[in-house]
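Thank you all for making the time this morning.

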Amino acid sequence: MKLSSIGKFLDQPLLSNTLSRKMPHILAASAVIYGVKDTLSAKDEDRKKRAIKNAIILSSITAATLLGTKYIKIKGEKLIEVVKREDILKNQQKAIDTFKQNNKLSLKTNYILDKAKNSILSLKDTDTLLNSIQNSKGKEELIQTLFGNKKDITSKEILQEISKLSTLGFIPVASGILGGIAADRAVGENCKERTKNKIKEGAYQFLANIFLCNVGAGTALFTAEKLAQKGIIKKLSPLKKTGVILGGILSVGVLGGSHIANFIGNKVINPLVDGKSKKQKCQKICENRKPEPLDIALHSDDIATAGVLSGVKWIEPLLPVMYLISGYRTAIGYRNHDHKSKLDKIS
């Protein structure tokens with residue numbers, strides 16, 4: 001089986017449509033599973049309190065994300081667009097009928113095409129179909145309809161996608177702060193220090209794990225386009241543009257994100273949150289949020305972001321699930337495992 005067949009299988013508009021429609025259920029189920037697992041990992045005496053906090057935090061993030069994806073629009077487009085299934089099927093049925101009229105096909109190929117009129121093709125059927133129509137008339141039009149029509153995107157088009165993705169990532173972070181405060185109050189743990197940590201962690205999560213990755217993608221593609229216009233480099237193919245986007249995400253977001261987020265945090269966020277009375281010594285030692293294994297794992301959504309920016313739409317409905325963890329870490333005001341011990345030494 002060819003690797004290209006896997007790509008085409010994932011690019012089916014019907015698959016993207018199904019994931020978009022099922023996103024609320026997938027997100028809610030993910031929140032429940034994560035909440036139960038985290039609650040069971042707590043000590044017996046702490047589980048009731050942890051369960052209450054997790055219920056408030058995760059329900060807040062989930063509800064805010066679902067409302068945001070339903071009602072918020074960027075230049076007239078929802079954060080996650082859901083094309084009507086009926087419209088997709090209508091286009092596919094028309095393309096299939098036209099293709100069948102212009103070609104003499106095997107029984108197997110006809111059977112697969114008839115299946116594609118009403119349902120998602122399996123990976124095996126996708127591979128079989130692509131192999132059987134290689135020399136057929138109008139195959140490109142059929143493939144574009146059944147397996148997605150890739151656009152040669154520009155940096156200008158990416159700016160709108162970045163706005164949508166950044167907003168999609170900001171919602172769980174913002175709702176995480178509010179949900180975390182509400183959860184602390186519900187169990188009698190509300191205090192200024194906890195609230196401050198939520199704001200600081202929220203800034204770190206949004207900048208390091210979400211926003212800067214998007215900025216890196218847009219900046220890299222814009223720079224590459226300008227270099228191509230001046231003849232310094234060759235015009236980029238869609239595949240090379242994906243590589244440039246991923247390179248921008250990795251350089252600015254993954255490698256530099258933590259440093260940039262800490263710099264902004266120490267220069268802007270922390271002074272506003274802590275006030276001028278906090279000792280500079282304490283600020284230098286305990287305010288740098290070091291990236292940890294889970295933070296690095298969270299950057300898997302950056303690969304997904306690169307896919308979305310490159311026109312791979314099936315990944316988009318899964319981003320809210322990936323951003324859920326950033327929202328949760330914001331809600332609990334996570335800093336670092338050694339944060340408390342450093343504060344104790346300073347005091």
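Predicted model: local features only at pLDDT ≥ 70, side-chain atom pairs only at ≥ 80, totals over all residues.

Let me start with contacts along the chain: if we take those between residues at least 6 apart in sequence, 79% of them join residues at least 24 apart.

In secondary structure, the chain comes to 16 helices and 2 strands. Of its 347 residues, 45% are buried, and the chain exposes about 18,400 Å², with carbon and sulfur atoms supplying 61% of that area.

Now let us turn to a pair of helices, H8, which covers residues 155-186, and H9, which covers residues 192-229. How do their axes cross? They come within 10 Å of each other and cross at roughly 175°, and since angles over 145 degrees count as roughly antiparallel, H8 and H9 are therefore roughly antiparallel to each other. The residues of the contact of H8 with H9 divide into 13 nonpolar, 9 polar and 4 charged.

After H8 comes Gly188, with a positive phi near 75°.

Finally, I would pick out Glu201, which is placed in helix H9. Is Glu201 buried or exposed? Its relative accessibility is 0%, so Glu201 counts as buried. Leaving aside residues up to four places away in sequence, Glu201 touches Arg289, Arg329, Thr330, Gly333, Tyr334 and Arg335.

How values were computed
Residues numbered from 1 in each chain as written. Heavy atoms only, no water. Axes fitted to C-alpha atoms, helices over the stretch in contact; angles between N-to-C directions. Helix = DSSP H or I, 4+ residues; strand = E, 2+ residues; numbered from the N terminus. Parallel < 35°, antiparallel > 145°, perpendicular 65-115°, else oblique. Nonpolar A, V, L, I, M, F, W, Y, C, P; charged D, E, K, R; others polar. Buried < 20%, exposed > 50% of the residue type's maximum accessible area, 1.4 Å probe, protein only. Contact = heavy atoms within 4.5 Å. Areas by Shrake-Rupley, 256 points an atom, 1.4 Å probe, with all protein chains shown as cover.
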